[in-house]
Amino acid sequence: MSLLERAHAHAVRLGRDRIGGEELLLAVFDDGVGHALPDALGISRDVLVGQLEKAPSSPAAGSIDGYPVTAEVLDVPRSSGLAELVVGLLAAGGGAARVLGEHGVTEERVREAYARIWAPFLDENAVWGSSIACRPMDPPAEIEALTSEIAEYRRRKEVAVDAQEYAQAGLIRNKEKEVERRRSVLIREWAATVDPVDLAEAVVSLRAEVAALRRI
């Protein structure tokens with residue numbers, strides 16, 4: 001059952017004719033990583049679920065896959081992971097955000113809780129509640145910085161193409177290629193230092209998360 005289907009089931013159970021942020025969050029808490037999120041945030045799951053179920057209902061503002069949904073649900077990118085989904089609901093400012101806000105939940109707390117949940121799957125020495133240290137399998141900061149730089153060049157290139165400034169777009173593309181070459185060299189150097197077992201465990205965990213997202 002997809003996340004939307006589970007959210008719809010919650011809406012029907014609560015006598016609501018649309019999926020709101022509350023129902024979407026209830027669906028997130030149903031199983032898997034989402035089920036562990038309230039505890040990771042330091043909040044009683046039962047209390048949080050009860051508050052979401054009693055939150056005031058908002059009207060439908062559109063639909064997704066045939067399901068009527070509220071504006072806050074429409075605002076959450078469907079390609080995002082579960083952590084990004086919760087962060088998106090916080091940013092939307094609807095009923096789900098109000099309930100989470102009563103417990104002092106912020107974007108930073110959500111990301112920290114999500115990292116804590118995944119830590120045992122990625123690091124056998126991880127301790128619940130400890131900070132997540134940078135491991136050899138983590139890409140160097142320079143690689144991440146170059147990745148962000150490439151994304152910015154691509155954004156600027158698209159803007160130039162939309163404005164029909166093709167000469168400028170070509171110059172930006174050349175810079176993008178140069179940064180891609182630099183990043184490729186760094187990735188190859190970093191890959192030579194990664195423990196294959198650590199990498200395999202990370203890939204297995206990532207595939208599980210991707211499979212869950214495809215069911216959304």
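How many of the residues of helix α2 (residues 21-28) are buried? The close-ups below come from a predicted model, and the first one takes up this question.

**View 1. Helix α2 is mostly covered.** Here is the count: 8 of its 8 residues are buried. Keep Gly 21 and Glu 22 in mind, as both return in the next view as contacts of Glu 72.

**View 2. Glu 72 is a buried residue without a salt bridge.** You can find Glu 72 in helix α5, which covers residues 71-74. Which side chain of opposite charge is nearest to Glu 72? That is Arg 18, at 5.9 Å, and a salt bridge would need a side-chain nitrogen within 4 Å of a carboxyl oxygen. A polar atom of the Glu 72 side chain does lie 3.2 Å from the backbone nitrogen of Gly 21. Beyond its neighbours within four places in sequence, Glu 72 is in contact with several residues, including Gly 20, Leu 89, Ala 92 and Gly 94.

**View 3. Helix α4 has buried residues on one face.** In this helix, made of residues 45-54, look for the buried Leu 48, Val 49 and Leu 52. Viewed down the helix axis, the buried residues fall within an arc of 95 degrees, so they line one face of α4.

**View 4. Asp 65 and Gln 164 each have a positive phi without being glycines.** Asp 65 sits in the loop that links β1 (62-64) and β2 (67-69), and its phi is about 55 degrees. Is Asp 65 buried or exposed? Asp 65 counts as exposed because its relative accessibility is 56%, and the cut-off for exposed is over 50%. For Gln 164, the phi is about 60 degrees, and the place to look is the loop between α9 and α10 (166-191). Gln 164 is exposed too, with a relative accessible area of 59%.

**View 5. Glu 144 and Arg 183 are 8.9 Å apart in space, C-alpha to C-alpha.** Along the sequence, 39 residues separate this pair. Glu 144 belongs to helix α9, residues 141-162. With a relative accessible area of 47%, Glu 144 is partly exposed.

Notes: Residues numbered from 1 in each chain as written. Predicted model: local features only at pLDDT ≥ 70, side-chain atom pairs only at ≥ 80, totals over all residues. Heavy atoms only, no water. Helix = DSSP H or I, 4+ residues; strand = E, 2+ residues; numbered from the N terminus. Buried < 20%, exposed > 50% of the residue type's maximum accessible area, 1.4 Å probe, protein only. Arc of directions from axis to C-beta. Lys, Arg positive; Asp, Glu negative; His and termini not counted. Polar contact = N/O pair within 3.5 Å; in protein donor to acceptor, adjacent residues only side chain to side chain. Contact = heavy atoms within 4.5 Å.
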